[in-house]
Amino acid sequence: MTPLRRAALLASAALAAVASLVMATSAFADEPTTDDERAQPFLRFVDFNHPDACAVGGLTGSPVHPGRFTYSGGDNQQYLDVTAVPADLKVTGMVVRAGDVFNVYLADKLGDELPWTGLRAPVLGEGDLPQIGEWFGCGVAVEQPPATTTTTTTTTTTTTTAETTTTTSESTVTESSTPATTTSTEAPSSSAQAVAATTTTVAAVPVAQRSGLAATGFNGAWLLGLGAALVAVGSAVMLVLRRRRA
């Protein structure tokens, strides 16, 4: 490297150092101020994703997105009013930024009662109150008490009674010493009816008594002879039949 080039490099480094010193002096000379006694102003770039976003001004915890708050005002406006905070967090403070300056609001300074009104960014020198460019909260998780669960147990007792039905079949045999009487009614046959229809009752003719009775003019002696003859013929027939059988 030539002496001329070396001299040029040294001159450039000196100028850069002087410029940095001037900028630093100007920055410290123009400190941010605020008329809000609840806030502490800072001159340093910090945003929601900054690793030290909740590690300045006494803040603790992790950044809490604005969407978890209930609020009015905020971005592109000069003031922010917070009306509700997440129930599962203990909010340790709020950060309200405009450009490279921001106000830190500790929860102890804001008070326990909501809403928190009039939050704003700091100003530089004698400038006007800037519009809010970004804001967020810082907080730690609150251990929620275990939910109380009321369990109602309904016990249903079912008693089952087994009923056994025994059916006894009894056969009763009735014995009777009296034999059954069967009455059969038969209609008389046609032959019997015919016999009954043709039966003629012949009245006996009285034999004339000769003993002192008056004669009536009827002689029945021939009937007696006829009867005797019939008896004799019947006896002869019976005798013949017996001999044949023998």
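Student: Is F69 buried or exposed?
Tutor: F69 is buried, because its relative accessible area is 5%. Buried means under 20% relative accessible area, exposed over 50%, and partly exposed in between (1.4 Å probe, protein chains only).

Student: Where does F69 sit?
Tutor: F69 lies in the loop between β3 and β4. Strands here are DSSP runs of E with at least two residues, helices are runs of H or I with at least four, and both are numbered from the N terminus.

Student: Before going on, what kind of model is this?
Tutor: This is a predicted model: local features need pLDDT of at least 70, side-chain atom pairs count only at pLDDT 80 or more, and totals for chains, interfaces and linings use all residues. Residues are numbered from 1 along each chain as its sequence is written, and side-chain values use heavy atoms, with hydrogens and water left out.

Student: Back to F69. Which residues is F69 in contact with?
Tutor: Leaving aside neighbours within four places in sequence, the list for F69 includes V64, V82, M94, W135 and G137. Contact means heavy atoms within 4.5 Å. F69 and T83 are 14 residues apart along the chain, and their C-alpha atoms are separated by 7.7 Å.

Student: Which cluster do ring pairs make with F69?
Tutor: Ring pairs link F69 with Y71 and W135. Rings of Phe, Tyr and Trp (its six-membered ring) pair if their centres lie within 6.5 Å; planes under 30 degrees apart count as stacked, over 60 as edge-to-face and the rest as tilted.

Student: How many aromatic pairs are there?
Tutor: The count is four aromatic pairs. One of them joins F42 and F102, and it is stacked: 5.5 Å centre to centre, with 15° between the planes. F42 is in strand β2 and F102 in strand β7 (residues 101-106), so this pair links distant parts of the chain, 60 residues apart. Both F42 and F102 are buried.

Student: And how are the rings of Y71 and W135 arranged?
Tutor: Y71 and W135 pair edge-to-face, at 4.8 Å centre to centre and 75° between the planes. Y71 lies in strand β4 (residues 70-73) and W135 in strand β10, so the pair ties together parts that are 64 residues apart in sequence. Y71 is partly exposed, with a relative accessible area of 38%. W135 is buried, at 3%.

Student: What joins the side chains of R68 and D88?
Tutor: A polar contact of 2.8 Å joins them. A polar contact is a pair of N or O atoms within 3.5 Å; within protein, one must be able to donate a hydrogen and the other to accept it, and residues adjacent in sequence count only if both atoms are side-chain atoms. Apart from neighbours within four places in sequence, R68 is in contact with V85, P86, D88 and L89.

Student: Switching topic. How many disulfides?
Tutor: The count is one disulfide, where a disulfide is a pair of cysteine sulfur atoms within 2.5 Å. C54 and C138 form it, with their sulfur atoms 1.9 Å apart. The link of C54 and C138 is left-handed, with -85° about the S-S bond.

Student: Which parts does the pair tie together?
Tutor: C54 lies in the loop between β2 (39-43) and β3 (62-64) and C138 in strand β10 (residues 134-141), so the pair ties together parts that are 84 residues apart in sequence. Both C54 and C138 are buried.

Student: What does the side chain of D47 reach?
Tutor: The side chain of D47 reaches the backbone nitrogen of H50 at 2.9 Å. D47 is found in the loop between β2 and β3.

Student: Last one. How many helices and strands in the chain?
Tutor: The chain has four helices and ten strands. Of its 246 residues, 19% count as buried.
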